[in-house]
Amino acid sequence: MGLVLILVALIAFIVLATARLKLHPFLALLAAALLAGFAYQVPTMEIVKTITGGFGGILGYIGIVIVLGTIIGVILERSGAAITMAETVIKLLGERFPTLTMSIIGYLVSIPVFCDSGYVILNSLKNALAARMKISVIAMSVALATGLYASHTFVPPTPGPIAAAGNLGLENNLGLVILVGLVVSMVTALAGMLWANRFIGKDIPLEDNGAQVMDAEDYAQIRAKYGVLPSPAKAFAPIFLPIGLICLGTLANLPAKPVGEGFLYTLLAFLGQPVVALAVGLGLACTLLRSDNKREEFHERVVEGIQAAAPILLITGAGGAFGAMLKITPLGDYLGATLSALGIGIFMPFIVSAALKSAQGSTTVALVTTSALVAPLLGQLGLDSEMGRVLCVMAIGAGAMTVSHANDSFFWVVTQFSRMSVGTAYKAQTMGTLMQGLAGIITVWLLSLVLL
């Protein structure tokens, strides 16, 4: 029982340090790893060695993937590719199902672009469509926000799911994480859209926070800032080609060897490695650079990407250090036996992740911390197979979106740009993410009944 109390105290420390004391999650996780070493009576000389080994081990491979994915996202954001993606979806689906269209736009854009940035970029488009189709801005806002949130939480190369997959030993099998993540995230996006539909016919007053309601003319001005937008092929290729290569690499490496073991296998296995696939994606993203001095523009985008990725890398590394420390303690055997007796299996990662997310606000911190925490328990939870690890990432992701409220920066981005009151945002956005999280864990549980 003492082992569990120490763990609870460590989690409480992480939440208190990040939420109340405003300590950066990197330092909070490192401190938790250090405290865990002393609390679990790890030999003194092993503590620092374990922390540094865990930190470096997780970043040795996943770190490059996170940086490449972030740079691609920055280039797509700055080039107007996100606007092209949105307009392509509108042309394909038309305007008959506005919330569905908005949800799909958010879902696609947030695979390469952070959900906060994606919402800011697409806000004027959302308001213009709402005005043109005479539909509630609240409904369109929730549809866009939940669509962005779904792929942001479940689908690599978004950094959070990549970091969680790395902590659970899936760095060489991201293709499977992507395939399952696409399924689970589609269900959660649908749940968010259905929740958004509750607000279609409701006349909810918006806050006057100095923001102007965007109409079609305002959107045209925003669009014009990007100049000539890239073609749909150029906009989609830097993200969907790498995803396709990673999935093909996973397919080639299946035990049945469906493509044999010759040249085709070697080619797909090489190109399907996430580092190589994302390097290809970065090369394609370079075709979106438009200034006269493309070399200088590329340098600026790389710097922006590295700056955006740095905090995530540090948190991921610190999470790896925390997980490595827990792994060498007797906690895993004790908790595994206890949880096996309770029979909660796949729900345990969800509960821990949801508690962390709701308490401290960051989806990435919830994903990294919970995956580090759960990694030593996979065997006892019955999730030690390849598919079990993938479903564990999905369960953690479902928890990491439950729920977005006042301590989450994305909540305030949605609230302020949509001109919702805080009360309205809790009813619309926070409850929407609750519906998404519950839909996500139910989907993961159903998949576990079939796949495990």
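Start by selecting helix 21 (422–451), the element that gives the most to a nonpolar surface patch, with seven residues. Helices here are DSSP runs of H or I with at least four residues, numbered from the N terminus. Keep in mind that this is a predicted model, in which local features need pLDDT of at least 70 and side-chain atom pairs count only at pLDDT 80 or more, while totals for chains, interfaces and linings use all residues. Residues are numbered from 1 along each chain as its sequence is written, and side-chain values use heavy atoms, with hydrogens and water left out.

Now show the whole patch: Phe347, Ile351, Leu438, Ile442, Trp445, Leu446, Leu449, Val450, Leu451 and Leu452 make about 920 Å² of nonpolar surface. Patch members have over 30% relative accessible area and no salt bridge; nonpolar side chains (Val, Leu, Ile, Met, Phe, Trp, Tyr) are joined within 5 Å, like charges within 9 Å. The areas come from the Shrake-Rupley method with a 1.4 Å probe, and for residues only the protein chains shown count as cover. Helix 16 (347–360), like helix 21, supplies at least two residues of the patch. Click on Trp445 in helix 21: its relative accessibility is 36%, so Trp445 counts as partly exposed. The classes are buried under 20% relative accessible area, exposed over 50%, and partly exposed in between (1.4 Å probe, protein chains only).

Time for some charged pairs. Side chains of opposite charge can pair when their charged atoms come close. A salt bridge here is a side-chain nitrogen of Lys or Arg within 4 Å of a carboxyl oxygen of Asp or Glu, and the count comes to six.

Select Lys357 and Asp408, whose side chains meet in a salt bridge (2.8 Å, N to O). This pair links distant parts of the chain, 51 residues apart: Lys357 is in helix 16, and Asp408 is in the loop between helix 19 and helix 20. Both Lys357 and Asp408 are buried.

Move on to Arg301 and Glu304, another salt bridge, at 2.7 Å from N to O. They are three residues apart in helix 14 (residues 294–327), so about one helical turn separates Arg301 from Glu304. At 13% relative accessibility, Arg301 counts as buried.

Then pick Arg389 and Asp384, a salt bridge with its closest N and O atoms 2.6 Å apart. Asp384 counts as partly exposed because its relative accessibility is 44%. Now display Glu77, Arg78, Glu297, Arg301 and Glu304 together: salt bridges that share partners join them into one network.

Finish with the backbone. Pro156 and Pro157 are joined by a cis peptide bond, omega about 15°, with Pro157 in the loop between helix 7 (137–154) and helix 8 (159–167). Thr402 to Val403 is also a cis peptide bond, with omega near 0°; Val403 sits in the loop between helix 19 and helix 20. Last stop: Lys22, a non-glycine residue with a positive phi near 60°, in the loop between helix 1 (2–20) and helix 2 (25–39).
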